[in-house]
Amino acid sequence: MQSTLIRSLALVFALSAAPASAQIEIHTINIGRGDCALILSPTGTRVLLDTGKPGDGNAVVIPYLQSVGVTDLDYILISHYDGDHIGGVPELMAAGYTPLAVYDRGDLDAEMHSIWQDYVNAIGGLRTQITSGMVLDLGGGLTMTNYIVNGEIFGGPTIGVIGKVENAKSAGWKLEYNNFDYGTFGDIGDTFEGALGPVVGDLDVYKASHHGSPTSSSIPWVAAVTPDVTFVSSGSDSSNPKQQTFNQITTSSAMRWIYMTNDSYTLTQGGRPAYDHMVLKTTGSGYTIEGATIRKMEFLYDEITSPVTAQPGDIALSEFLVDPASVVDTEGEYIEITNLTTKRFSMRGWTLHDNAGDSITISTNAILGPRESLLIAAQGDIGRNGGIVPHAVWPLNGFALNNSGWDRIILENELGTRLVDHFHPGTQTAGKSWERKNLYEPLDTGNMALGTQVFGLGDRGTPGDRNSSDTTPWNPDLRTIAPNVGLVTGGKWVTLTGYDIASYSPPVIVFGAAGAATGVQILDQNTVLARSPALVGNGKNARLLAMVWSKLAEGPLTVPITLLTASGASVLDEAFTYELPFDLPLKAPKQP
């Protein structure tokens with residue numbers, strides 16, 4: 001066995017991994033009960049943190065690595081020797097995933113069970129012992145620093161661990177990349193967290209220790225590391241996570257995002273099961289998280305302030321369900337808000353409260369993007385919340401709407417300015433949401449309608465989707481936005497600020513002509529990217545309708561505009577000879 005006592009370890013190699021990029025990726029692999037995560041550095045270094053249970057390697061881990069183009073590994077890091085952390089190593093090695101080194105905690109009081117013996121035999125001379133304070137340079141500015149192993153805290157005390165207590169000997173790491181900080185600490189418990197937390201410091205994202213056990217993620221720990229987002233590796237066959245743990249992480253005064261790989265038979269509230277793998281990618285100022293059932297959400301680094309402060313009229317209360325019929329109120333209620341602008345708002349510091357004194361303040365630096373909706377629910381598990389797919393979940397007992405009388409829904413920004421103040425008279429229809437018709441108009445009885453579309457287990461509404469009775473004029477008149485500009489033949493340019501297409505250069509927006517065309521479409525080198533029916537007045541007042549275009553993302557996009565007749569001939573409507581940037585909000589229907 002190799003023993004490494006170097007506190008700073010620089011690892012530089014020529015790698016055959018995926019091309020380098022100016023980001024890191026952290027893949028939380030859904031193995032159910034156990035732990036496994038993949039880290040990809042900006043230079044392509046591939047690191048696997050734990051490997052799950054015996055059988056998980058062949059059944060889950062290897063197929064997932066292949067699906068994301070990872071055919072080899074540079075390092076495997078083992079937190080401790082429980083079977084649900086080391087069990088997949090022999091299968092990975094047998095499949096040719098042979099790393100340069102396998103880092104573990106050494107043989108101190110190792111419980112030499114059969115799974116451990118299979119692990120040791122599989123890796124042979126690749127074993128390298130982790131030492132407290134060890135730094136792994138993964139390239140491109142990404143480092144991993146060990147903050148605890150075998151009870152020894154880097155920059156803190158050594159807390160003695162006597163006997164074969166695997167969880168307590170876990171190795172814990174902090175990843176740092178620009179302003180991004182991620183922490184993973186195996187199955188470490190609260191005995192160590194009081195001393196460890198202040199040394200580790202702030203974390204943007206935290207992988208919950210011991211799968212969300214209440215013996216970890218203690219209140220002092222959460223106060224010290226203040227995670228914006230917590231990942232929980234869990235399975236429906238697992239006794240964790242527990243509700244107590246979630247209550248320690250997310251509270252009414254500091255609502256945080258919690259994502260779980262699966263639900264749990266312990267029936268927790270406050271978290272959002274993904275039922276699948278989850279992928280985190282860093283950006284220039286933050287990071288995104290998405291999964292098969294998780295709409296991509298953007299979060300800013302803790303140090304980054306909101307790009308702009310939301311003002312009254314920027315945010316609308318678009319839908320809410322007061323009295324679900326398919327499930328109990330405490331698990332089926334939801335509130336949906338929508339950003340009416342082309343701006344990006346951080347929701348950190350926003351407070352939602354009602355007439356009864358219920359109050360939730362968002363602590364996470366989460367972004368509500370242009371024309372984006374946020375569905376906040378009482379329960380994240382689609383099997384228990386009536387079948388909705390929320391983007392955020394409020395803490396247990398953090399909020400409740402009044403079924404039997406009037407109530408009020410108030411949303412304030414981080415400065416205390418009211419963005420939403422809705423007086424609800426208390427008229428309820430069980431199993432039907434209240435939907436706003438025109439999001440730009442006041443939310444009074446004339447601008448409200450009961451949901452008609454059946455979702456999930458049978459209630460009616462459109463949670464996370466476009467309202468059934470929506471009459472919002474999402475598609476601005478070009479003449480209203482830029483009154484001196486007419487649509488012209490191809491070759492003239494307009495900049496769509498707030499959007500970008502990474503791989504298309506450039507697409508063309510084609511409008512229908514007066515009374516002649518049937519639609520509007522977006523072309524890229526004659527390939528149709530998106531098409532929608534068009535409301536066409538005359539050439540000077542052509543409108544864009546809402547269109548689904550998944551390739552839109554944040555950033556500027558410059559495109560030529562062409563006006564066509566039904567026969568495809570170009571029409572000169574009103575010429576202009578200069579480029580004009582203006583905000584053109586393309587409303588994509590709300591997505592889960």
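This is a predicted model: local features need pLDDT of at least 70, side-chain atom pairs count only at pLDDT 80 or more; totals for chains, interfaces and linings use all residues.
**Exercise 1. Where does Asn467 sit, and is it buried or exposed?**

Solution. 
- Asn467 belongs to the loop between β31 (448-450) and α9 (478-481).
- Its relative accessible area is 7%, so Asn467 is buried.
- For a distance check, pick Ala449, 18 residues apart from Asn467 along the chain: their C-alpha atoms are separated by 9.3 Å.

**Exercise 2. Which residues form salt bridges with Arg127, and which parts of the chain do these pairs link?**

Solution. 
- Remember the general idea: side chains of opposite charge can pair when their charged atoms come close.
- One partner is Asp104, with the closest N and O atoms 2.8 Å apart. This pair links distant parts of the chain, Arg127 in strand β7 (residues 127-129) and Asp104 in strand β6 (residues 101-104), 23 residues apart.
- Another partner is Asp107, where the closest N and O atoms are 3.0 Å apart. Here too the link is between distant parts: Asp107 is in the loop between β6 and α4 (114-123), 20 residues from Arg127 in strand β7.
- Asp107, at 37% relative accessibility, counts as partly exposed.

**Exercise 3. Which residues of α4 are buried, and why do they line one face of the helix?**

Solution. 
- List the buried ones: Trp116, Tyr119, Val120 and Ile123.
- Recall the helix geometry: with 3.6 residues a turn, residues three or four places apart point the same way.
- Look down the axis of α4. The buried residues fall within an arc of 95°, so they line one face.
- Turn to the face pointing away from the buried side, and you find the exposed residues Ser114 and Asn121.
- Ask what the buried residues pack against: α2 (83-86), α3 (89-94), β6 and β7.
- Step off the end of the helix and you reach Gly124, with a positive phi near 50°.

**Exercise 4. What geometry does the aromatic pair of Tyr81 and Trp116 have, and where do the two residues lie?**

Solution. 
- For Tyr81 and Trp116, the numbers are 6.2 Å centre to centre and 70° between the planes. Over 60 degrees counts as edge-to-face, so that's the label here.
- Tyr81, with a relative accessible area of 0%, is buried, and Trp116 counts as buried at 5% relative accessibility.
- The count of aromatic pairs comes to 14.

**Exercise 5. How many residues does the largest nonpolar core have, and which of them have the most contacts inside it?**

Solution. 
- The core has 67 residues, and Trp257, Tyr259 and Trp350 have the most contacts inside it.
- Check the neighbours of Trp257: leaving out residues up to four places away in sequence, Trp257 touches, among others, Val229, Met297, Phe299, Ile362 and Leu374.
- There's also a second, separate core of 28 residues, including Val70, Ile78, Tyr81 and Ile123.
- Come back to Trp257 for its rings: it forms one aromatic cluster with Phe180, Tyr287, Phe299 and Tyr301.

**Exercise 6. What phi values do His210 and Ser217 have, and where do they lie?**

Solution. 
- Background first: most residues other than glycine have a negative phi.
- His210 has a positive phi near 50°, and Ser217 has a positive phi near 55°.
- His210 is in the loop between β13 (205-207) and α6 (219-225), and Ser217 also lies in the loop between β13 and α6.
- His210 counts as buried at 19% relative accessibility, and Ser217 counts as buried at 0%.

Methods. Residues are numbered from 1 along each chain as its sequence is written. Side-chain values use heavy atoms; hydrogens and water are left out. A salt bridge is a side-chain nitrogen of Lys or Arg within 4 Å of a carboxyl oxygen of Asp or Glu. Helices (H or I, at least four residues) and strands (E, at least two) are DSSP runs, numbered from the N terminus. Buried means under 20% relative accessible area, exposed over 50%, partly exposed in between (1.4 Å probe, protein chains only). The arc is that of the directions from the helix axis to the C-beta atoms. Contact means heavy atoms within 4.5 Å. A nonpolar core is a set of buried Ala, Val, Leu, Ile, Met, Phe, Trp, Tyr and Cys residues joined through side-chain atoms within 4.5 Å. Rings of Phe, Tyr and Trp (its six-membered ring) pair if their centres lie within 6.5 Å; planes under 30 degrees apart count as stacked, over 60 as edge-to-face and the rest as tilted.
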